[in-house]
Amino acid sequence: METAKGPDGAEFEHAIEVLEEQTSVLWRRERTTSHALAKTVHPEMEPAAYGILTLLQREGSLRATDIALSIGVGKPSVSRQLAALERLGLVSRQLDPFDARSQRVLLTSLGEQQLAAAQTGRRIAFTALMGSWRPEDLKSLGALIARLNSTYRKDTW
């Protein structure tokens with residue numbers, strides 16, 4: 001496999017190696033955290049459903065097809081997750097006021113409460129982990145992660 005050559009040659013390649021290693025560690029840790037977070041929302045909730053809940057929290061209500069597009073998975077996977085979330089009382093469906101053939105999914109009050117509690121717990125954990133960091137470093141890290149996330153939306157694989 002040919003390695004990507006960046007603007008600075010060997011220095012760029014080394015930076016990419018470090019980035020790959022460190023993001024792998026971060027993603028493994030985040031996956032573990034996501035599993036734990038899902039269980040704080042509801043003990044029977046699958047970790048993959050956490051992202052659906054946060055998307056609904058941010059967007060209000062969405063059609064299942066829009067959820068699938070937003071998180072980059074197929075509609076059957078989303079439908080299965082939504083059915084499980086509905087059984088747990090965390091989401092509900094309502095007719096789309098603009099298209100009676102469609103339904104929109106939204107958080108229930110229980111879903112809102114449980115998600116907010118999990119997010120509060122996560123913020124407390126971040127504060128404990130990163131309490132010694134300077135605010136400007138946290139802002140820089142947040143901005144760089146946002147930039148990385150926007151790069152991933154381009155589906156460069």
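Analyst: The following account begins with the sheet and then turns to its neighbours.

The model is predicted, so local features need pLDDT of at least 70 and side-chain atom pairs count only at pLDDT 80 or more, while totals for chains, interfaces and linings use all residues. Residues are numbered from 1 along each chain as its sequence is written, and side-chain values use heavy atoms, with hydrogens and water left out.

The sheet is open and has 3 strands in the order β1-β3-β2, with antiparallel pairing. Helices (H or I, at least four residues) and strands (E, at least two) are DSSP runs, numbered from the N terminus. Two strands pair if DSSP finds at least two bridges between them. β1 (61-62) and β2 stand at the edges; each has a single partner strand, so one side of each is left without a neighbour in the sheet.

The pairing can be followed strand by strand. β2 and β3 run antiparallel and are joined by 6 bridges. Within this pairing, Ser 92 stands opposite Leu 106 in β3, and Arg 93 has Val 105 in β3 as its bridge partner. A hairpin of 2 residues leads from β2 to β3. β1 and β3 also pair in the antiparallel sense, over 2 bridges. Here Leu 62 stands opposite Val 105 in β3.

Asp 96 belongs to strand β2 (residues 91-96). Is this residue buried or exposed? Asp 96 has a relative accessible area of 8% and is therefore buried. Buried means under 20% relative accessible area, exposed means over 50%, and partly exposed lies in between (1.4 Å probe, protein chains only). A polar atom of the side chain of Asp 96 lies 2.8 Å from the backbone nitrogen of Phe 98. The side chain of Asp 96 also makes a polar contact with the side chain of Arg 104, at 3.5 Å. A polar contact is a pair of N or O atoms within 3.5 Å; within protein, one must be able to donate a hydrogen and the other to accept it, and residues adjacent in sequence count only if both atoms are side-chain atoms. When residues up to four places away in sequence are not counted, Asp 96 touches Arg 63, Ser 102, Gln 103 and Arg 104. Contact means heavy atoms within 4.5 Å.

A salt bridge is a side-chain nitrogen of Lys or Arg within 4 Å of a carboxyl oxygen of Asp or Glu. Arg 93 counts as partly exposed because its relative accessibility is 30%. Glu 86, with a relative accessible area of 34%, is partly exposed.

A search of the whole structure finds 9 salt bridges. One of them links the side chains of Glu 136 and Arg 134 (3.3 Å, N to O). Another joins Arg 134 to Asp 137 (2.9 Å, N to O).

The largest nonpolar core has 24 residues, and Val 41, Met 45, Leu 53, Leu 56, Ile 67, Leu 82 and Leu 85 have the most contacts inside it. A nonpolar core is a set of buried Ala, Val, Leu, Ile, Met, Phe, Trp, Tyr and Cys residues joined through side-chain atoms within 4.5 Å. At least two residues of this core come from each of α1, α2 (49-59), α3 (64-71), α4 (75-87), β3 (99-107) and α5 (109-130). The most is given by α2, with 6 residues. In soluble globular proteins, nonpolar side chains tend to be buried together. Leaving out residues up to four places away in sequence, Val 41 touches Tyr 50, Leu 53, Leu 90, Gln 114, Leu 115 and Ala 118.
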